[in-house]
Amino acid sequence: MRLNGDIDWLWDWLATAGLEPHALGEAAVECALKRRLAAAGCCAAAYPARLAADTEEQARLLEAVLVPETWFFREPPAFELLTEFSVRHRLERRTGPFRALSLGCSTGEEPWSIVIALREAGLEQGDFQVEALDISARAIEGASAGIYGGRSFRSPGDGTWRGRYFDEIGQGRYRVKDGLRGGVEFRVAHLGDPGWGDGGRRYHAVFCRNVLIYLKADLRERVIARCHEALDPGGLLVLGHADGIGGIDRGFRRHGAAGAFSWIRQDAAEAEPPPARPSRPVAAKAVRRDAPGGARPSRPDSLSGAKEAARAVPFDDGAAISTARALADSGDYAGAERLCLGYLASHPHDPEVHALLGIVMSAANRDDEALRYFRQALYLAPSHGESLLHMAALHERRGDGERARQLRNRSAAGEGGQ
């Protein structure tokens with residue numbers, strides 16, 4: 001399928017929807033457009049008019065562009081922190097259930113992980129409420145069905161808890177057990193639309209991970225403001241490793257261990273919460289009373305498998321980069337750094353490994369080193385968009401909004417360099 005001409009109209013349309021097209025990747029967006037042209041049986045010249053008149057086609061194009069990439073217990077430190085907050089909520093005998101919100105929940109791995117973490121922490125049905133929103137009706141349909149294959153269970157150690165919360169249904173697929181289904185409510189929503197964050201319903205934790213980076217600046221600011229409004233004072237906000245809060249004066253302050261990417265709603269009358277423990281286990285400290293499968297729990301060890309893989313992969317093997325990414329996703333930044341540095345010794349001009357090291361340093365709160373690696377990635381690949389956007393997030397974290405804006409503009413323009 002040929003596009004035959006420029007597609008500037010598509011960038012404008014995505015921007016109108018609140019998305020930052022260049023953060024999505026030009027190649028990925030063009031591939032999504034080609035898929036929709038083929039599926040709709042429409043030529044490129046006629047498609048803009050078709051899109052303008054057909055709201056269902058608009059939804060399908062957005063679904064094609066926003067390809068989900070998620071898995072259970074991605075970035076485990078966030079769920080360890082969630083567990084601590086939920087246990088504290090119960091011990092302090094606060095009124096009402098513990099409430100959590102998952103924004104941009106995609107196909108449901110994140111909200112189901114939240115539910116599992118809360119069950120592992122000892123909360124039962126009725127002790128908590130989880131809501132999950134996504135712009136894609138198809139993604140919400142899949143999340144509600146709760147059927148997942150192997151790619152959703154890519155964190156090492158998933159097998160230790162999967163049997164308690166999922167039924168195996170054959171062909172490598174698993175379905176959420178019935179006893180877990182009452183714990184989460186899924187619904188379709190655009191983050192820029194009313195219906196959440198308007199003060200009508202408050203939450204103790206909001207997850208908004210790997211969403212902000214794809215939004216235009218004005219929508220990103222509105223989403224952060226609504227997260228603040230949606231949270232109880234002292235509530236927990238969890239972002240993704242590439243997301244930025246957009247400055248230090250947004251009513252939040254950093255909280256938690258490196259790798260949790262978490263913030264606390266800051267209010268003038270807020271009591272100082274106890275510092276998060278640097279330890280990581282979710283279920284080891286849990287007082288879970290039951291699970292849908294009825295089996296006794298054992299602590300999910302999400303890191304052991306990756307560490308074994310790290311030991312098995314030689315540094316000069318290309319697979320080391322994939323393993324390093326898996327280690328970084330599981331929170332083992334030291335292991336990821338070690339693998340990357342080993343690979344870098346024999347591939348000093350690979351921008352991807354420099355960028356990955358930047359991500360690892362950023363996740364470990366070693367921001368100066370992160371910036372140095374991102375700059376090196378851009379020196380080697382001047383249009384390396386991932387490095388530009390991560391650098392923007394780092395500068396936002398430091399409160400340098402102007403520098404962040406410049407970097408995002410350069411990413412949008414397809415430029416690079418320093």
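**View 1. Pro48 is partly exposed, at 29% relative accessibility.** Here, buried means under 20% relative accessible area, exposed means over 50%, and partly exposed lies in between (1.4 Å probe, protein chains only). Pro48 sits in helix 4, residues 47-53. Helices (H or I, at least four residues) and strands (E, at least two) are DSSP runs, numbered from the N terminus. Pro48 and Trp13 are 35 residues apart in sequence. In space, the C-alpha atoms of Pro48 and Trp13 are 9.4 Å apart.

This is a predicted model, in which local features need pLDDT of at least 70, side-chain atom pairs count only at pLDDT 80 or more, and totals for chains, interfaces and linings use all residues. Residues are numbered from 1 along each chain as its sequence is written, and side-chain values use heavy atoms, with hydrogens and water left out.

**View 2. An open sheet holds 7 strands in the order 6-2-1-7-8-10-9.** Its pairing is mixed. Two strands pair if DSSP finds at least two bridges between them. Strand 6 and strand 9 (252-255) stand at the edges. Each has a single partner strand, so one side of each is left without a neighbour in the sheet. Neighbouring strands of this sheet are turned by 20° against each other on average, direction ignored. Strand 9 pairs with strand 10 (residues 262-265) in the antiparallel sense, over 4 bridges. His255 stands opposite Ser262 in strand 10.

**View 3. Strand 2 (residues 128-134) is largely enclosed by the rest of the structure, because 6 of its 7 residues are buried.** Strand 1 (residues 98-103) pairs with strand 2 in the parallel sense, over 6 bridges. Leu133 in strand 2 is the bridge partner of Leu103. Strand 6 (residues 184-188) also pairs with strand 2 in the parallel sense, over 5 bridges. Glu131 stands opposite Glu185 in strand 6. In a regular strand, side chains alternate between the two faces of the sheet.

**View 4. Strand 1, helix 7 (residues 109-120) and strand 2 form a right-handed β-α-β unit.** A crossover is right-handed if, with the strands pointing away from the viewer, the path from the first strand over the helix to the second runs clockwise. Ser106 lies in the loop between strand 1 and helix 7. Ser106 has a phi near 55°, a positive value in a residue other than glycine. Ser106 counts as buried, at 12% relative accessibility.

**View 5. Phe73 lies in the loop between helix 5 (55-65) and helix 6 (77-91).** Its phi is near 55°, again positive in a residue other than glycine. Phe73 is buried, with a relative accessible area of 10%.

**View 6. An open sheet of 3 strands has the order 3-5-4.** The pairing is antiparallel. The edge strands are strand 3 (147-148) and strand 4 (166-170), and each pairs on one side only. Strand 3 pairs with strand 5 (residues 173-176) over 2 bridges. Tyr148 stands opposite Tyr174 in strand 5.

**View 7. Helix 14 (residues 351-363) packs against helix 15 (residues 367-380).** The angle is about 165°, and the axes are 8 Å apart. The two helices, helix 14 and helix 15, are therefore roughly antiparallel. Angles under 35 degrees count as roughly parallel, over 145 as roughly antiparallel, 65 to 115 as roughly perpendicular and the rest as oblique.

Note on methods. Axes fitted to C-alpha atoms, helices over the stretch in contact; angles between N-to-C directions.
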